[in-house]
Amino acid sequence: MKTTMIRSKVKYEKVSPDDGYIDAQFIKLPPKVPWRAIFLATFLFSVGTVLLVIGSLLFTGYIDVKYADRTYPMLILGSLMFIPGFYHVRIAYYAWKGYRGYSFDDIPDFD
């Protein structure tokens with residue numbers, strides 16, 4: 001067995017002390033506010049709240065129920081709209097107030 005050594009034609013250079021980075025690269029820009037997502041979350045939160053209140057009043061009997069089969073779908077639909085709406089409105093409010101750990105980057109943007 002004969003081992004041959006391959007010589008590379010790559011020339012090596014000493015790395016300069018300047019690493020090519022500047023401080024401006026690491027400055028975090030203020031996040032863009034996702035207005036459409038916030039409006040959608042506010043819509044879901046408000047309509048979900050109305051549906052939950054009406055469904056609860058129908059369920060407890062404070063509103064006369066002509067068709068009792070409409071109570072549960074109203075409660076379920078209200079819950080499905082209220083939960084994500086409340087979650088995203090809360091994140092938007094905390095980000096707007098500047099609480100630590102909350103940012104507008106946490107809200108998905110539809111653009």
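**Aromatic rings**

Which residues form one aromatic cluster here? They are Tyr93, Tyr94, Trp96, Tyr99 and Tyr102. Rings of Phe, Tyr and Trp (its six-membered ring) pair if their centres lie within 6.5 Å, with planes under 30 degrees apart called stacked, over 60 edge-to-face and the rest tilted.

A search of the whole structure turns up 9 aromatic pairs. Take Phe45 and Phe86: their ring centres are 6.1 Å apart and their planes sit at 35°, so this pair is tilted. Phe45 lies in helix H1 and Phe86 in helix H2, so the pair ties together parts 41 residues apart in sequence. Helices here are DSSP runs (H or I, at least four residues), numbered from the N terminus.

**About the model**

This is a predicted model, where local features need pLDDT of at least 70 and side-chain atom pairs count only at pLDDT 80 or more, while totals for chains, interfaces and linings use all residues. Residues are numbered from 1 along each chain as its sequence is written, and side-chain values use heavy atoms, leaving out hydrogens and water.

**The nonpolar core**

The largest nonpolar core has 7 residues: Ala37, Ile38, Ile91, Ala92, Ala95, Phe104 and Ile107. Such a core is a set of buried Ala, Val, Leu, Ile, Met, Phe, Trp, Tyr and Cys residues joined through side-chain atoms within 4.5 Å; buried means under 20% relative accessible area, exposed over 50%, and partly exposed in between (1.4 Å probe, protein chains only). H2 gives the largest share of this core, 3 residues.

**The loop**

Ile63 is in the loop between helix H1 (35–60) and helix H2 (71–97). With 33% relative accessibility, Ile63 counts as partly exposed.

Terms used: Helix = DSSP H or I, 4+ residues; strand = E, 2+ residues; numbered from the N terminus.
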